Amino acid sequence: MSELAVYNANENESKYIIFKINKEVYAIDVKSVNNIIQMPKITQVPSSPKYYRGVINLRGEIIPVMSLRRRMNYDDDCFTSNSRIIILNIGEDNLLGIVVDEVNEVLDISSKDIEQPSQFIKNDASVVSGVGKIGDMIISILSVDSMIGERKAS
Amino acid sequence: MELSQIVTDNMKNSQALIAGVRDEKIAIPLSSVLSIENVAVSEINTVNFEDVIYLRGQVIPLVYMDKLFNLEEAKKESLNINVVICMYKDTYLGLVVDELFGQEDIDKKSMGILDNENRFFSGATILDDAVALVLDVESLIA
């Protein structure tokens with residue numbers, strides 16, 4: 001009962017939205033998340049990089065949508081009724097949607113549980129800015145900057 | 001309420017010709033459009049491996065919008081094609097589209113980070129809930 005009064009002050013803990021892509025578990029800081037929606041119609045934009053699926057109309061706003069599967073060079077997206085688009089805040093006024101297979105929960109992850117990804121694994125296609133370990137789960141932490149980061153190669 | 005729409009300025013830039021390419025719609029700024037022609041397929045010539053038409057004394061290269069969108073070839077071969085004759089500075093271009101829907105006042109919106117990541121579109125607009133991309137004619141003039 002006394003636990004009710006405990007406020008876990010800091011410990012550099014942040015809340016993360018947990019989602020899955022290609023059966024792998026990912027997390028993104030809730031502060032970056034603007035909205036989560038079900039799959040709408042996506043209008044393709046020719047001549048844009050392959051990992052952009054196109055744009056969507058969300059209540060009158062045009063929002064670009066990226067496929068992380070394509071960005072990470074996996075097989076293409078497979079849409080199910082669980083698929084969602086997580087709309088992220090980019091900088092001051094921009095938004096970016098990412099296609100995910102399912103959205104699971106919100107977890108508190110403290111920064112002491114997050115490690116840098118291995119130097120060998122990190123490459124241009126990598127959108128992972130850290131790896132968290134929660135219980136038995138290995139969770140790849142995504143950051144918005146790593147998603148729209150360098151694209152010189154493409 | 002439509003009050004807010006009346007107040008927008010009526011510069012030519014905000015009016016566009018709406019064209020259809022298969023199931024997609026595109027908006028071509030009226031300021032770039034000269035005319036719309038219905039051309040017989042038999043009149044298409046080839047110059048330097050490019051399809052062109054000869055119109056009122058001008059050789060006008062054709063740009064097939066379905067190729068731009070990477071769509072399959074039209075199922076049935078038709079005898080005529082719809083060409084939107086556009087102009088940028090003194091270069092002419094003929095855009096081959098499937099259908100024409102008339103002109104509309106459009107509210108061109110930025111596509112966020114996609115604005116700098118694509119070559120041919122300067123934005124998008126919403127027509128009846130669907131998204132139509134706004135063509136940047138200058139970019140097509142390679």
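So, how many residues of chain B are in contact with chain A? Before I get to that, keep in mind that what you see here is a predicted model. Okay, the count: 18 residues of chain B touch 18 residues of chain A.

Let's stay on chain B's side of that contact. Two strands, strand 10 (121-127) and strand 11 (130-135), each supply at least two of the residues there. Strand 10 gives the most, with three residues. And if you sort chain B's touching residues by type, you get 11 nonpolar, three polar and four charged.

Now over to chain A. Here we have an open sheet of six strands, and if you walk across it the order is 8-1-2-11-10-9, with mixed pairing. Who's at the edges? That's strand 8 (102-110) and strand 9 (114-115), and each has a single partner strand, so one side of each has no neighbour in the sheet. For strand 8 of chain A, have a look at strand 1, residues 13-21: the two run antiparallel, joined by eight bridges. To find your place, look for A:S14, which sits opposite A:I109 in strand 8.

Last stop, the inside. In soluble globular proteins, nonpolar side chains tend to be buried together. In this model the largest nonpolar core has 65 residues, and the ones with the most contacts inside it are A:V55, A:I98, B:I26, B:I28, B:V84 and B:L95. Strand 7 of chain B, residues 80-88, brings the largest share, five residues.

Let's zoom in on B:I28. Skipping its neighbours within four places in sequence, its contacts include B:A16, B:L17, B:V33, B:C86 and B:L135. B:V84 and B:L95 are among its contacts too.

How values were computed. Residues are numbered from 1 along each chain as its sequence is written. Chains are lettered from A and ligands numbered from 1 in the order in which they are written. This is a predicted model: local features need pLDDT of at least 70, side-chain atom pairs count only at pLDDT 80 or more; totals for chains, interfaces and linings use all residues. Two residues are in contact if their C-beta atoms, placed from the backbone, lie within 7 Å. Helices (H or I, at least four residues) and strands (E, at least two) are DSSP runs, numbered from the N terminus. Ala, Val, Leu, Ile, Met, Phe, Trp, Tyr, Cys and Pro count as nonpolar, Asp, Glu, Lys and Arg as charged, and the others, Gly among them, as polar. Two strands pair if DSSP finds at least two bridges between them. A nonpolar core is a set of buried Ala, Val, Leu, Ile, Met, Phe, Trp, Tyr and Cys residues joined through C-beta atoms within 7 Å. A residue is buried if 20 or more other C-beta atoms lie within 10 Å of its own, exposed if 12 or fewer, and partly exposed in between; C-beta atoms are placed from the backbone.
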